[in-house]
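Here is a short briefing on selected helices and strands. Keep the coordinates open while reading.

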Amino acid sequence: MAEKPQDPQDPQEVVLKIALPLFLGQKIEYVETHHSLTDSINDIKEALAASSMLSQLTNYSLFYGDVNVTEFDDFAPLQDVFGQPGKYDVRLAERAYSLKDVYDHLLRFRESIGMNFFDHAARAQGVAAGSTKFNRLKLDGVKETQKPEKTESEESKGVAEEVSEEEKAQIKAIVGKLIEPQETNIVEVASADSVLGLWKLPIKSLTLSQWSVPQIQKARGDLLYLTLTTLESETFSVTCHVLGFFVNRLSNANFDPSMKTGAKEYLFHNLVSALSPRFLEAVEGNKQAISQGSQFAESYLIPSQAAVTSPWLVTETQVRNAIVPDAFRSQVPLLSNGVDGADLVKDWNEEFQGIKEFSKELFNERLLRDKLINKYIQEFSLAAASTAVEILRGNITPLNPSEAKEDHIFLRNNIFYSFGVNATGAHDNTGGDEAARYCFGKDLATVRLMNRLDVQGVSNLLTCIVDYLGERVVCQAPVPGVFADQTDENGEPVDKIVQGYSHDNNVIHTSEEFNEVLKPIGEAFHLKSHKVKLESGAETESEIALSKDAKCIVGTDHRKYVIDLYRTTPLDIEFLDAHFDGSETSYPHKEASLRHDAVEEWYKRKAAALFKVETERLDKEGKLDGDEKPQVAIPVDQIVLNPDVFTGVDELKADQEDVREVSAFIKKQLIPEFLDDITKNLVPFDGAHLTAFMHRVGINMRYLGYIAEEALKRVADFEKENEEAIKKNEVEIAKKAEEEKDKKDEKDEKKEEDKKDEEKQSAAKLVPVRANMTALHGLAVQEMIARASKHVLRKLGKDVPFLLKPYLVAHFHNCLLGQGVNSTPEVEIDSSIKSLFSTKETSFTSIKPAEVISAIEKEVYARFRHSLSSNWTEAVKPLSLMRDIALKVGIQWKAQPYFFTQEDFEAKPAAPAAVEPKEPVESKKRKNKGKKTQEKASTPAVQRNTVFVADDIIDIVPIIKDAGYRCSMVDEIYETAKSHLNKGDAEIGTTLMTELISFYQQIYGSVNSEISSLYSTLAQFYTERGMSGEASIAARKAIILNERIYGTDSYETINAYIKASFFDSLNKDHASAFALNGRALQLWEQIYGNNHPNAVSTLTNFAAILQEMKLSKEASKLFARAIEVSEKLNGSLCDITALIRHRYAITLVHLGNYKGAQEQFTQAGEVFSKLVGPEDTLSKECANFVTQIKTYIAYNEHQAAEQKKQQNGKKAPVKAPVKTKVPQGKGKGKKNQTSASDPSIASKSVDEILQFIEGNQGLKKNKKKH
């Protein structure tokens, strides 16, 4: 009989008190787990597996009385077992092992000893994927949030009182690094931390034995034989038995499966512990190494449901760390694919569609469904990518080997593979292979949106795309029955397409039933139901909700599938009309369509305009006056688009005009707004950042050329405007100078007028137009070159065998970036390798630099409608461009110095095999005197006469584009939490926000881009609640996740560092804030190059913070550096540069350097006078300060002279240059100041000047973001 439940502490909670058996070897008698009635049996198993005491336990039964809980289905709710909430006594018991159970147990053992880290590295496409550098900052632990009530004296304390002397010393060290220009150390840039570098394996080897289990031994309970070698170099043969594990007497020559020594152990881990004393020591040592290496588990957790980026630079240490001897790894598939190997083969489509059809009425059901959908998409992408690479390497035979290579198709493990070319002829008239390649990408983007929409009644396919140096493979789980021939009653073939255009039969099919389920998709994409008529004569009988090119098929599983979703937005007709004509210089294809982001933005603005019109109408009619407001209906049928416009004949003129309006919307609205945003705010750090920015606002990359040109126009307009202002103001300056001669005695009358002027707003715009637009132009040009290089490499590498691809990549880069070292590079291929390939396959070796340059120029013009300058090869930043190409193509370079000029190359003609830096040592070479350099590796140098050689390439990684899933449920929870907070329900809102982390981790895993975004959101949330310590922790976790997912030098990582710096600053951890922001500055200088426009504001803000900390000396250095950078970017005749000089002068006053301050105020005043006029507030301030400081200096000099005369016994009458009172005996001596100095200058004291400049008066009003 089952026992009655005891009273629970929580009436809605199920508490399980689980009694533990003796065989576990644990000192405790039971564990407790807490659940809700809606939790499943699987949740109990996961809770037990998460316990360190029970992590090795895989094979067991749970009994509630006589009821075997584990016999229920894993997803059965606890309500089916226990019926009601309560506290239940449950007993854990051992269970006989089966072969499957042994397989699962051994896989768990591998995971527990860390072999899963190396397994993941071995499966990864690329080397050192998922590394992190955050822990190298060695930050202190996050300060705990404190909320004591502040006294008035504490509130009056400034930043300086919050910073300890130790923190100030750390900050000074960081400032020193920021000021001193440092050469990029590529090995240091590339080096990063990974768990592989910390983990030591606790055994030498574990493999399946050479002996198979004979039938007679199977009857006696033997399941499997293993061979174990311990750290003590002892080898044991182990029997996996139905009752557990024991050492047998098997040897290489003799078969004797009887027990050798000891007793059976139910857990394999316990057996190994008994055999090897060093085993547990190694396990504990690994745990300690990880805990010391990072305070955050996110640094080493394996990304189970997300792909991570492989770095473009790899050190030899990273390569070595991933290589460990493990014979068992090749046997792991035997364990993980089932006892008969059948688990390897999956019906991907059936399982995926089955998961999507799971119930989602209850919260737990939705959670489970979303978790499985995301997991399945990721597993599909990884499996498909692995096979796609093997296809491209020639290791898999196609289904149609007799056809041309580009027409080859493959079907492996129920995944269909084809090359991204125009194999069906569907794009013969719109660009052929180029059009097909583009459309496959657009189809994937729509599938991603379809997964997000989750429309019921219609199914889309699991899809991913793999690009691998020149070739694109499209991977899909096919529609059931699509490969089977279907015939009608007369034996004629039946068209499988139910709705959509059939190219083979030149028919556009329509289906009312199918069209109904497609309407929600059309509405989500703002598409108009329409008819289509083609020039070929094909036309629709009725209206269709999606494009004619969307093929609708009913599978043999009776589900409705929609494929070929590349046209869910209309064509960018304005662009195509201007740039596609089919000529040699034409845009490559006619399939260029609008982005969904652009259509969505257009829709919002049109809807807002219609809403305004409707509300105005209702207001005029007086219908908005009452208490009950009427609902405002927007005619959404007026803001829909026909996706097939400009592809057929006899089209409605209104449809064409609507599409032209959206197409023109990009140039008329989106691009100018994009340029305005970058002008006033942040300039992207690299091409990836620029791409993400453009895509987010709906701008296609084909507009890069136009954006580059518009950026230069803005600079020219800005310079012209400045020139006109300067001419006008120079006249005013001259006029004022004449007037000043006549008004020398009217100073007292001007005092009141000056005070009024101080309150006026300055006309200085303080917008870095020149710096930001010039930087944007440079970024856009480099991005065009990098993208063109990718396409050129793709075309060159199409027929190059896998073994020769590194030679092609190295030669291409020598032609593009290495002309400064060798203008006629040659490819050196070992004769024994070269003889294996045909002349066509090695033809790339004859390519000349001029041909590569010309090919890139043609690609840039064709794709971006931009003509590169004649000296563009000299203007590019070699290392930055090298990185951009590597990230786009998937190249992993060896981390070592690369020299792009003859002078540098001859100074160090051979590039040594680089090692990661340990401690810097003083260089003994004269030319490096005073600098720190890294010790040279002792490995032999690679002799070369070009910048790059094939051996520099560590790996070429496939670029995987998947249809990643984003759960809508967690967004709903987030909005619910915000709603509670807005209503004042702080407790409920905060609880929901905190629980979001658990929900995200269940759906996406612990290492995922969605998790990193959540931590950033939570950091802001915690800050708004005054939980600054929690905010800092969340922000630091976001950094680690961004580093691992996107790369240690990605723009996402840089932004994460900047945000974390802000949160640490709010938490009053100023040293950490400086370190984090310093790392961000270092990163963007590495990927962009020196003098990024954002450096000006960063250095200035750093200096201002240092000033508040009373570190004026360090602040002055940063102000000086900011001025230097600003002059290079904005020019010396710029209001931003002048404003920094203004602030620099204040710091110099603090330091007592009045002559320096006078000089800076003078230069700033001259600039302000020329740009905004001599009567502007800032111009007058500077002039006033110059006068006062000049007077003050003269007074001090006079006082000093008088003191000197008095010391020499000479008496002279004191004649002060101004009316001032000199305090007697009150002033204390300071550095650079005279003890008798009087701080009053004219009508203001120095303190008043500082208060005026730093405080709440005129200047503060003029502070703008720059």
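A hairpin links strand 8 to strand 9 through 2 residues. The model is predicted, and the points below are grouped by element.

- On one side, strand 8 pairs with strand 9 (residues 244–247) through 4 bridges; the two run antiparallel.
- In that pairing, T239 sits opposite F246 of strand 9.
- Strand 8 also pairs with strand 7 (residues 222–230), again antiparallel, through 7 bridges.
- Here T227 faces S237 of strand 8.
- Strands 7 and 8 form a hairpin too, with 4 residues between them.
- In the turn of that hairpin, S233 has a positive phi of about 65°.

**Helix 17**
- Helix 17 spans residues 512–524.
- At 1.5 Å a residue, its 13 residues should span 18 Å; the end C-alpha atoms lie 19 Å apart, which agrees.
- Where does helix 17 bend? The bend is at L518, by about 40°, and the proline P520 follows within four residues.
- The buried residues of helix 17 are F514, N515, V517, L518, I521 and G522.
- Just after the helix, H526 takes a positive phi of about 60°.

**Helix 36**
- Helix 36 runs over residues 1070–1088, and its 19 residues should span 27 Å at 1.5 Å a residue.
- Its end C-alpha atoms are 27 Å apart, in agreement.
- Is helix 36 largely enclosed or exposed? Of its 19 residues, 16 are buried, so the rest of the structure largely encloses it.
- G1089 follows the helix, with a positive phi near 115°.

**Helices 25 and 29**
- Two packed helices are described by the angle between their axes and the distance between the axes.
- For helix 25 (residues 805–817) and helix 29 (residues 878–889), the axes come within 12 Å and cross at roughly 145°.
- The crossing of helix 25 past helix 29 is right-handed.
- Helix 25 contributes H813, L816 and L817 to the contact.
- Helix 29 meets them with P878, L881, M882 and I885.

Conventions. Residues numbered from 1 in each chain as written. Predicted model: local features only at pLDDT ≥ 70, side-chain atom pairs only at ≥ 80, totals over all residues. Heavy atoms only, no water. Expected span 1.5 Å × (residues − 1). Buried < 20%, exposed > 50% of the residue type's maximum accessible area, 1.4 Å probe, protein only. Bend = angle between axes of the 7 residues up to and from the residue. Pairing = 2+ DSSP bridges. Axes fitted to C-alpha atoms, helices over the stretch in contact; angles between N-to-C directions. Left-handed = near helix turned anticlockwise from the far one by under 90°. Contact = heavy atoms within 4.5 Å.
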